[in-house]
Amino acid sequence: MFPDVVILAGGLGKRLHSVTGGTQKVLAKIGDQPFLEILIDYIASQGGKRFILCVGHGSDEVEAYFKNKYQDREIVFSREETPLGTGGAIKQGSQQVKTDQFLAMNGDCFCVIDYKHLIANHKKNKAKATLAVTSVPDARDYGTIDFGPGGEIEAFKEKIPVMREAYINTGTYCFDRDVFSLVETPSKFSIELDFFPRLVGQGFYTFVVENRFIDIGTPERYSWAQEHLKTLKG
């Protein structure tokens, strides 16, 4: 059974306003389709059936678009009344998860991933959390991740000013449903900064992805996505 999927779809997307006109970032068009629709369709092509969209800023737009969009999959909304941060939003959304594991991801990122392989890897390791990572030749714009030969995460490191190849977070995760019981958290927190570093040593593993990931957080990256996602549609 394919696990439920929790997707962050409530970011402000201020850096994209010049090209979206203030439309919710995940609804930014790639060709004639919103970015989030392409992501959901891709996950569904591998077996995804139930999606929990964590909405906040622009929630009315997102809910209106996806509320009755599909007949072959279920869309559920987890609305934050006040901003909860990436961690708080996923934690709240996870309360609607019905499967033993769930996938979680950023709604403004896309990476070609074999989700079934990711889930199988998570179960094989008896992991509580698995983070999909990819290697980039220049990691100066990103925090980086160190892990051992068996894939268990050893450390998260802040951005460094020196150009070097390193593994970075793709924004795609597989969690056990009870993962948020492992670390005490406030209602508002960052999954990357406040949660992940505290999971080290508690069954936290990587899943290495060879493909480049796409995020549409800036006009330049959005323009790049316009070209490179065309080959994946359909």
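Author: Start with Thr 130, which sits in strand β8, residues 129-136. Keep in mind that the model is predicted.

Reader: Is Thr 130 buried or exposed?

Author: The cut-off for buried is under 20% relative accessible area. Thr 130 has a relative accessible area of 0%, so it counts as buried.

Reader: What does the side chain of Thr 130 make a polar contact with?

Author: The partner is the side chain of His 122, at 2.7 Å.

Reader: Which residues does Thr 130 touch, leaving out those up to four places away in sequence?

Author: With that exclusion, Thr 130 touches Leu 118 and His 122, then Thr 172, Tyr 173 and Cys 174, and finally Phe 204, Tyr 205, Thr 206 and Phe 207.

Reader: Now a helix. Which residues of helix α3 are buried?

Author: Helix α3 spans residues 59-66, and its buried residues are Ser 59, Val 62, Glu 63 and Phe 66. Viewed down the axis of α3, these buried residues fall within an arc of 95°, so they line one face of the helix.

Reader: What is exposed on the other side of α3?

Author: Asp 60 and Ala 64 are exposed there.

Reader: And what covers the buried residues of α3?

Author: The cover includes α2 (35-45), together with strands β4 (50-55) and β5 (74-79).

Reader: How should I think about the interior of the whole protein?

Author: The general idea first: in soluble globular proteins, nonpolar side chains tend to be buried together. In this case, 52% of the 234 residues count as buried. The largest nonpolar core has 41 residues, and Ile 7 and Tyr 115 touch the most other members. Helix α2 gives the most to this core, with eight residues. Apart from this core lies another, of 26 residues, among them Val 6, Val 97, Leu 131 and Val 179.

Reader: Which residues does Ile 7 touch, again not counting those up to four places away in sequence?

Author: Among them are Leu 36, Leu 39, Ile 40 and Ile 43, as well as Phe 51, Ile 52, Leu 53 and Cys 54. Ile 7 also touches Met 105, Asn 106 and Gly 107.

Reader: How many helices and strands does the protein have?

Author: The secondary structure comes to seven helices and 13 strands. Of the contacts with a separation of 6 or more, 74% are between residues 24 or more positions apart.

Reader: What is the accessible surface of the protein?

Author: The accessible surface comes to about 11200 Å², and 49% of it belongs to carbon and sulfur atoms.

How values were computed: Residues are numbered from 1 along each chain as its sequence is written. This is a predicted model: local features need pLDDT of at least 70, side-chain atom pairs count only at pLDDT 80 or more; totals for chains, interfaces and linings use all residues. Side-chain values use heavy atoms; hydrogens and water are left out. Helices (H or I, at least four residues) and strands (E, at least two) are DSSP runs, numbered from the N terminus. Buried means under 20% relative accessible area, exposed over 50%, partly exposed in between (1.4 Å probe, protein chains only). A polar contact is a pair of N or O atoms within 3.5 Å; within protein, one must be able to donate a hydrogen and the other to accept it, and residues adjacent in sequence count only if both atoms are side-chain atoms. Contact means heavy atoms within 4.5 Å. The arc is that of the directions from the helix axis to the C-beta atoms. Accessible areas come from the Shrake-Rupley method with a 1.4 Å probe; for residues, only the protein chains shown count as cover. A nonpolar core is a set of buried Ala, Val, Leu, Ile, Met, Phe, Trp, Tyr and Cys residues joined through side-chain atoms within 4.5 Å.
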